[in-house]
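The stops below are meant to be selected in order.

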Amino acid sequence: MSDLVLNGSSTGRHIVYVLRSNPVTALAATGTLLLVLIAILAPVLAPYDPVASNVPQALQPPSWSHLAGTDQLGRDILSRIIWAARLDLVIAVSAVSLSFVTGAVIGGFCGYRGGRLDRWVGRFVDVLMAFPLFVLAMAMVAALGNRVENIVIATAVINLPFYIRFARAEVNVRRNAGWVEAARACGDSHLSVVLRVLLPNVLPAMAVQISLNLGWAILNAAGLSFIGLGVTAPTPEWGIMVAEGARFITTGKWWLVAMPGLALMLTVLCFNLLGDGLRDILDPRMRT
Amino acid sequence: MTQDLLRVENLQVTFSTRHGTVTALHGIDIALKAGETLGIVGESGSGKSVTSLAVMRLLDRAGRITGGRVTFEGRDITHAGHADLRRLRGSALSMIFQNPRAALNPIRTVEQQIVDVLAAHGKLSRANARTQALDLLRAVLIRDPEARLSAYPHELSGGMCQRVMIAMAIACEPVLLIADEPTTGLDVTTQQTVMELLARIQAERGMAMILITHDLGLAARWCDRIAVMEAGRVVEQGETVALFEAPAHPYTKRLVAASPTRASTLADLAPPDLARDAPPVVAAPRERKPGTPPLLELVHVVKSFGGPTRAVDDVSFQIPRGGSLGLVGESGSGKSTLSRLICRLIDPDDGDIVFDGESIARTPAREFHLSPRRRDIQIVFQDPNDSLNPRYTAFDSIAHPLRRLEGLRDGPALQTRVREAARRAGLPMDLLERFPHQLSGGQKARVGIARAVAPRPRLLILDEPTAALDVSVQAVILQLLDRLRREDGIGLLFVSHDLNVVRMLCDDLVVLQAGKVVETGPSQSIFQRPQAAYTRMLLDAVPYFDPQRTELLKTA
């Protein structure tokens, strides 16, 4: 697709236009960018070792030396939040990409081919969606083993039905368009019509879903960790941090829960707000 | 002097867009008396539809009336409030649109929709709502009106949908009906009946009508007066016959020249500059050497889609090398199915398709993209708006077959080929970087043609390539196709419902009805002496551009 002879400056101008005309998107984009930078630069940014305990300093409220306070083992909460951004983003991004890629391809073929394949996949998706999805994810992680990869897989699987349905519906309405037939006359096989012609056209609409889904995926990973599945104890992860901190909330040690919770909330908010802007950026029709 | 029913004075409309405000109407003046028919003609983008929407005050939020006045029945409605407008619309002013199917609510029955209109204007007596709806359907001459009441729009044909729209538009007995391209997209025969119906209703009810159309033939036949619009201005206005007999404005002259009459040839339609470039009309050397197979031969081709009737039923014909064949029929006659069969996008159930002596029906359509014949047979699709990938620039669209079929990579070779194809299709090079939504209909049609000729095919299938285009663009595209045939010896299969266009471009003609060949032969002779009744009916329905209205006088 990158065989566009489009000059880079036009794309750049378009992105600037979208961001400028939509300040909320600009804010969300900045937030997301910041988050990614924090995740990448975690070793540089984190003031303390995230796993080194320092019991004399335990349960300190936020202060100048520990901006977000310390936890029950005296670990610096800010450093842990920064390191956790890394893990949580990796989990969310890989889970969402996994479900997006498989879901788009499966849904794309179903929508294009129709017929028996479409009906079978459709029923399978219905069955999958009939489960309480979080419980399904719990069961999968419990069965596959308490590892980060399995959180990714479980999160990907429970998001899959949405992508299949979405891609199927979007491809289905376009499959009889003149430009799809034209692509075949131009020498595309059915396979390449779906992958190289139809799916790129569906991408802008799916961008919204992807962006919302990143937020859910993070919440889902945090949720699994919170109930003790997936990421285990010393590793910094927002869900575990909330889970561990929850014990101390009754004694007024609010920062143990509030700080990672805040990070979680802001991240999810950024992703959710990014969606519409992402669609506008990806859709060439918005460039007038 | 009788008072004008509608008077539009110095009306100006602007649209605010991303790149500042654009003026759509630069102060237009139109007047209409009760019972009169005014035709507004002009090409796309000339502001015809904006005018009607401004009169109805239906402009979308970006559009604003920035000057002038609209007076209806002596009342200034330029700044009338929403409540007043709602009362006016439907009851006094009414409108029908192009693409009636899209204008009807798909999940409500015909009866419900008609009753809605009546109820909205308090013209409904609950007791006999059904009778009222039925009377309206009878007024628009729908066959079997009782059954149609409970039908949903998707169960009706395009012509019937337009009749239902008309029924809704006249439900509250408006004094002015605005018809925006009411017959565009309908079959010629349906076009004629819909227009006859509108004229009849208009005469019966003394209703005034504004007919917006790009088809001069239609305007000439049905309107008392004509206003010609170009780029947001009325450039000429007058009595129909006088105006078309002696057009004064250069734009009107150009439009008149581009509208095919009963006798025009391709050369007649030429804008002067293009005619000069065109080489003298010399028939390509098409006398066949004995023993050379025809370019394309269809042998008893059959295709059905599982229904009780066959979409294509035992069709056989030939196209000689460098020849041109017109495939004519109404929608549902199987002509589009046939063009897809020949282009090998779908498989025939039976029969054979022979290209240059080689049977190509044996390779399944699924694998045909691997066949060396793929690049020899290319197709130009009907609707230019729908046939270009929205994510591709014009360059990418034209490069698509070259990349796929010839394996060309980005580089000077690809650039050269794309530019060559664009040049042959008459597409300006600076448009190559644009996306489809940034191109006009005519430009998109050229991209479609450039894409089809890029791999240097030997047979070009044209599926109603000009149906959605303005007359002047149509004239240019037809000449372009003719030149491709003469200069490059490309064989043409021209699929159309417009017999007149086919006559000008094609040597031979195949008339299809319900999947069967009704008549075949040289197009001139079919045109002069049609044998089948169906062909005669198609011929009679063609709306010629006939300013003297000889046709009308004959029937009157």
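This is a predicted model: local features need pLDDT of at least 70, side-chain atom pairs count only at pLDDT 80 or more; totals for chains, interfaces and linings use all residues.

**Stop 1: chain A as a whole.** The mean over chain A is 87, and 96% of the residues reach at least 70. Within the chain, helix H4 (residues 77–113) of chain A has the highest confidence, at 93. Helix H1 (residues 8–21) of chain A has the lowest, with a mean of 77. Next select residues 1–7 of chain A, where pLDDT stays under 50. The model has 11 contacts beyond four places in sequence for this stretch.

**Stop 2: fold of chain A.** Switch to a cartoon view. Chain A has 11 helices and 0 strands, and its pattern along the sequence reads α-α-α-α-α-α-α-α-α-α-α. Along the principal axes, the C-alpha atoms fill a box of roughly 75 × 45 × 25 Å. Chain A has 288 residues, of which 45% count as buried. How many of the contacts between residues at least 6 apart in sequence join residues at least 24 apart? In chain A the share is 71%.

**Stop 3: where chain A touches chain B.** Show both chains and select the residues in contact across them: 24 residues of chain A meet 29 residues of chain B. Which elements give two or more residues to the chain A side? They are helix H8 (178–185) and helix H9 (190–226) of chain A. H8(A) supplies the largest share of that side, with 7 residues. Coloured by class, the side of chain A that touches chain B shows 12 nonpolar, 6 polar and 6 charged residues.

**Stop 4: strand S13 of chain B.** Select residues 324–328 of chain B, which form strand S13. Is this strand mostly covered or exposed? S13(B) is mostly covered, with 5 of its 5 residues buried. Turn the view to look at each face of S13(B) in turn. One side carries B:Ser324, B:Gly326 and B:Val328, the other B:Leu325 and B:Leu327, and all of these are buried.

Strand S18 (residues 491–496) of chain B pairs with S13(B) in the parallel sense over 5 bridges. To find a point of reference on S18(B), select B:Ser496, which stands opposite B:Val328. Strand S19 (residues 508–513) of chain B also pairs with S13(B) in the parallel sense, over 4 bridges. Here B:Leu509 in S19(B) is the bridge partner of B:Gly326.

Stop 5: Move on to B:Ala514, in the loop between S19 and strand S20 (516–522) of chain B. Most residues other than glycine have a negative phi. B:Ala514 has a positive phi, near 45 degrees, and is not a glycine. Is B:Ala514 buried or partly exposed? B:Ala514 is partly exposed, because 16 other C-beta atoms lie within 10 Å.

**Stop 6: B:Asn10.** Finish by selecting B:Asn10, placed in strand S1 (residues 6–17) of chain B. What is the phi of B:Asn10? The angle is positive, about 50 degrees, although B:Asn10 is not a glycine. B:Asn10 counts as exposed because it has 12 C-beta neighbours inside 10 Å, and a residue with 12 or fewer is classed as exposed.

Terms used. Residues are numbered from 1 along each chain as its sequence is written. Chains are lettered from A and ligands numbered from 1 in the order in which they are written. pLDDT is the predictor's confidence in each residue, from 0 to 100. Two residues are in contact if their C-beta atoms, placed from the backbone, lie within 7 Å. Ala, Val, Leu, Ile, Met, Phe, Trp, Tyr, Cys and Pro count as nonpolar, Asp, Glu, Lys and Arg as charged, and the others, Gly among them, as polar. A residue is buried if 20 or more other C-beta atoms lie within 10 Å of its own, exposed if 12 or fewer, and partly exposed in between; C-beta atoms are placed from the backbone. Two strands pair if DSSP finds at least two bridges between them.
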